Amino acid sequence: MKIKELTKKGLVMLTMMFALVMNAEWQPKQVVEFQTVMSMHETTYKSFIREGKYKEAIAPLTTLINLLDTTNIYKVANISEAVVRRLNAPYYYDLACCYAVTKEKKQALKALEQAVALGYNDYNNMLYDKDLTSLRKDKTYQALLTAVKEKTPLHVLRKSAPYDKDSVKLDVKFTYMPKDDYRLSVVRDYLKLDSVAGQGDELSKIINLLHFVHDNMPHDGNHRAFAEMDAIDLYNYVKTTGKGVNCRQLAISLCEMYLALGIPARYVTCLPADPLDHECHVINSVWSSQLQKWIWIDPTMDAWVMDENGTMLGIAEVRERLRNDLPLVLCETANWNHQNQQTKEYYLDYYMAKNLYFFACKKISRFNPESDYRENPKDSDFVLFPTGYSSDNWKGCDTTTDSDLFWAKPEM
């Protein structure tokens, strides 16, 4: 068991799911009360674990599992029941650890089976977790470990089908709002972007803008700002409330700043293969005329990615290098909110490997692209799938399996 984190993922993910479907500040009383009860039992069992009281931790863990197994909270926001139920995976895993430490092998294996059945996929943790030492030689444990290895993000990504040209030629083009649009001009002047970007070359300007957003707009994945979806409103929301914003709002803000300086950019939703996994990540794809390619820019983590020679890479290149086990180097600045330094092993091999299965972005990169209060362009999303894959969550959108079409050089 990871004592430092001591699995709070279930509660965090539940909060994130509701934040996706409703403004966090408008959550119904039923949701808030449910999260409060969950948090209480979670705090109790984590305290017992920290004190080495594994037997005492079993009762609050069991209560948490029963709460998620029996709740109808998913109906409040029309979230899939299966999604809520599977949040029990990390709790079942921790329950297995408690039973294993207290020498209740049968119950431990049963709980571990439940965790794996619900999607538990942290292979390295399960392989090296000292709490499970008593189970190592058991054939059931070994079979479960093999099953978990098949679910690791890198394994799933490497098993994905390749891209291919579409059988029917799609007439889809990405467009980028020109920097002299009056709305982008306001963004440029209001945020003093010429000063922020500096007088260096294009790549230094791209990185300086990345640092500006990361340093001035903290990330909070559980919170969706009550604001217009534009750089000025989101920036002022953070400064006024002291609250963070989610990865989508960070990427939208940074995308507008690049556009305001005449640098083509998109914000790209990076998505997992599992349709029940609602945890995605949104980053920026920025066109470098200096390198003549798209490059990976992540404002949440203040991150970009390079090859072994120090050349900055794009999203498509990172994905293919992960699939083919080629070298990747994460920039030294990569961190979350200046609190947690990111490693290549976690950020790329685990977290982003999960979220690089397919991609979605807007056909038009523009000011305020997803307003809650103004009309948005209809059918504005374009999705890139691996061959043979589809997702009901993106029905009605234009889709392609043609990577060259999706990552086409911008026409300005």
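## Strands side by side

In which sense do S11 and strand S12 (residues 398-400) pair, parallel or antiparallel? They pair in the parallel sense, over three bridges.

Now look at the two faces of strand S11 (residues 381-384). Asp-381 and Val-383 are on one side, Phe-382 and Leu-384 are on the other, and all of them are buried, so both faces are covered.

The mean pLDDT of the chain is 91, and 92% of its residues reach 70 or more. Two stretches call for care. Over residues 3-10 pLDDT stays under 50, and the model has 22 contacts beyond four places in sequence for them. Over residues 20-24 pLDDT also stays under 50, with twelve such contacts in the model. Where pLDDT is low, the predicted coordinates should not be read in detail.

In soluble globular proteins, nonpolar side chains tend to be buried together. In this structure the largest nonpolar core has 91 residues. The residues with the most contacts inside this core are Tyr-258, Trp-296, Ile-297, Val-318, Tyr-347, Leu-356 and Phe-359. Helix H14 (residues 247-260) gives the largest share of the core, ten residues. Apart from this core lies another, of 43 residues, and among them are Ile-73, Cys-97, Leu-112 and Met-126.

Which residues does Tyr-347 touch, leaving aside its neighbours within four places in sequence? Tyr-347 is in contact with Trp-296, Asp-298, Met-301, Ala-303, Leu-330, Gln-342 and Met-352.

## A closer look at helix H3

Helix H3 gives you a chance to check a simple rule. At 1.5 Å a residue, the 17 residues of H3 should span 24 Å, and its end C-alpha atoms are 25 Å apart, which agrees.

Next, find the side of the helix that is hidden. The buried residues of H3 are Tyr-54, Ala-57, Ile-58, Pro-60, Leu-61, Leu-64, Ile-65 and Leu-68. An α-helix has 3.6 residues a turn, so residues three or four places apart point the same way.

## Salt bridges across the chain

Side chains of opposite charge can pair when their charged atoms come close. A search of the whole structure finds 22 salt bridges. One of them joins the side chains of Glu-104 and Lys-55, at 3.8 Å from N to O. Glu-104 is in the loop between helix H5 (89-101) and helix H6 (105-117), while Lys-55 is in helix H3 (residues 54-70), so the pair links distant parts of the chain, 49 residues apart. Lys-55 counts as exposed because its relative accessible area is 55%, and exposed means over 50%.

A second salt bridge, between Asp-274 and Arg-86, has an N to O distance of 2.7 Å. It links the loop between strand S2 (265-271) and strand S3 (281-288), where Asp-274 lies, to the loop between helix H4 (81-85) and H5, where Arg-86 lies; the two residues are 188 residues apart. Asp-274 is partly exposed, with a relative accessible area of 28%. Lys-165 and Asp-404 also meet in a salt bridge, at 3.0 Å from N to O. Lys-165 lies in the loop between helix H9 (153-158) and strand S1 (175-176) and Asp-404 in helix H17 (residues 403-406), so their pairing ties together parts 239 residues apart in sequence. Both Lys-165 and Asp-404 are exposed. Salt bridges that share partners join Lys-165, Asp-402 and Asp-404 into one network.

## Two positive phi angles

Most residues other than glycine have a negative phi, and most peptide bonds are trans. Lys-192, however, has a positive phi, near 55 degrees. Lys-192 lies in the loop between helix H10 (182-190) and helix H11 (193-197), and counts as exposed at 57% relative accessibility.

Phi of Asp-325 is also positive, near 55 degrees. Asp-325 is in the loop between helix H15 (315-323) and strand S6 (329-330), and at 60% relative accessibility Asp-325 counts as exposed.

Terms used: Residues are numbered from 1 along each chain as its sequence is written. This is a predicted model: local features need pLDDT of at least 70, side-chain atom pairs count only at pLDDT 80 or more; totals for chains, interfaces and linings use all residues. Side-chain values use heavy atoms; hydrogens and water are left out. A nonpolar core is a set of buried Ala, Val, Leu, Ile, Met, Phe, Trp, Tyr and Cys residues joined through side-chain atoms within 4.5 Å. Buried means under 20% relative accessible area, exposed over 50%, partly exposed in between (1.4 Å probe, protein chains only). Helices (H or I, at least four residues) and strands (E, at least two) are DSSP runs, numbered from the N terminus. Contact means heavy atoms within 4.5 Å. A salt bridge is a side-chain nitrogen of Lys or Arg within 4 Å of a carboxyl oxygen of Asp or Glu. The expected span of a helix is 1.5 Å times one less than its number of residues. pLDDT is the predictor's confidence in each residue, from 0 to 100. Two strands pair if DSSP finds at least two bridges between them.
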